[in-house]
Amino acid sequence: MKALAASRRHRLAPVILMTLALFLTGAVYAALAPSSAQANSASPDDIEEGRRLFITNCSTCHGMDAEGSDTVPSLIGVGAASVHFQVITGRMPMDADSPQAGAKPPQFNDEQARQIAAYIATLGPGPGIPGEDVVDPELGNAAEGMQLFRTNCAMCHNFVGAGGALSNGKYAPALDESTPIEIYEAMITGPQSMPVFNNANLNEADKRNIIAYLMAQREPNPGGFSLGSLGSVSEGVWAFLVGFGLLIGAAVWIGARSS
């Protein structure tokens, strides 16, 4: 015990403890950090074309080196997935300053979006664009995805992904036209008010199951008219209108019989 106590008081003990702490921190980060952006999978020509497209179309707001400003975020370290999502959904470039960048017809095609993303990926590590097998809904479980979506996403996006209003003029968009890649990229990059779901929250299989559930919502509704998939609100309004209509009809019929 005396030897152990003496070793703790050794002048090199703090250095050794600090070294071990840094090693442990690095190991944890390597295990949980997002996958690095896919700069290595892009050709030098694609990266150079992405740089040209960025300077021509994006640098006015984000700066020549993508460093951002006091009002515009830096793109260094956001990763290829974030850039691809924003560009391919038309959210970027923005039309006007507003509480939220809304989806619109994209200004660039998918190849150009990937080229811009590849260039930004060279500026710092970040989540990469997922492969087709990673987001394939046929490989997912829609039933498990339903549970995961309703636990983690339905409070904003509605329980079938129909979207909903948030505070300060923001909103959770409807997901009925989002592609599997866009949905996956949104989960790993957290655009707008959305939180980031890394593998510590939802692993790769969980995300694929959620995609499978959302794709299943696009199939014909076996129950008939969905009433907007708003649950008891729209059902209650519909029941009120039908009941009120029947009441008016009955009153007219009684009045006609009385006369």
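How do the residues of the lining of the second largest pocket divide into nonpolar, polar and charged? The analysis concerns a predicted model, in which local features need pLDDT of at least 70, side-chain atom pairs count only at pLDDT 80 or more, and totals for chains, interfaces and linings use all residues. Residues are numbered from 1 along each chain as its sequence is written, and side-chain values use heavy atoms, with hydrogens and water left out.

The lining in question comprises 22 nonpolar, 7 polar and 5 charged residues. Here Ala, Val, Leu, Ile, Met, Phe, Trp, Tyr, Cys and Pro count as nonpolar, Asp, Glu, Lys and Arg as charged, and the others, Gly among them, as polar. A pocket is an open set of points on a 1 Å grid over the protein atoms alone, where a 1.4 Å probe fits, with protein on both sides within 12 Å along at least five of seven lines; lining residues have an atom within 4 Å of a point. The second largest pocket has a volume of about 590 Å³, a volume being the space filled by probe spheres set on the points. Of its 34 lining residues, Arg 91, His 157, Pro 173, Leu 175 and Met 194 lie nearest the centre. Helix 10 gives the most to this lining, with 4 residues. Helices (H or I, at least four residues) and strands (E, at least two) are DSSP runs, numbered from the N terminus.

The largest pocket holds about 790 Å³ of space. Its lining consists of 32 residues, and His 62, Val 72, Pro 73, Met 92 and Met 94 lie nearest its centre. Helix 5 contributes the most to the lining of the largest pocket, with 4 residues. By class, 18 nonpolar, 12 polar and 2 charged residues line the largest pocket.

The structure also contains 2 aromatic pairs (ring centres of Phe, Tyr or the six-membered ring of Trp within 6.5 Å; planes under 30 degrees apart stacked, over 60 edge-to-face, the rest tilted). The ring centres of Phe 54 and Tyr 119 are 5.7 Å apart and their planes lie at 50°, so this pair is tilted. Because Phe 54 belongs to helix 3 (residues 44-57) and Tyr 119 to helix 6 (residues 110-121), the pair ties together parts 65 residues apart in sequence. Phe 54 is buried, with a relative accessible area of 0% (buried: under 20%, with a 1.4 Å probe and protein chains only). Tyr 119 also counts as buried, at 8%. The rings of Phe 149 and Tyr 213 have centres 5.6 Å apart and planes at 45°, and are therefore tilted.

Technical notes. Buried means under 20% relative accessible area, exposed over 50%, partly exposed in between (1.4 Å probe, protein chains only).
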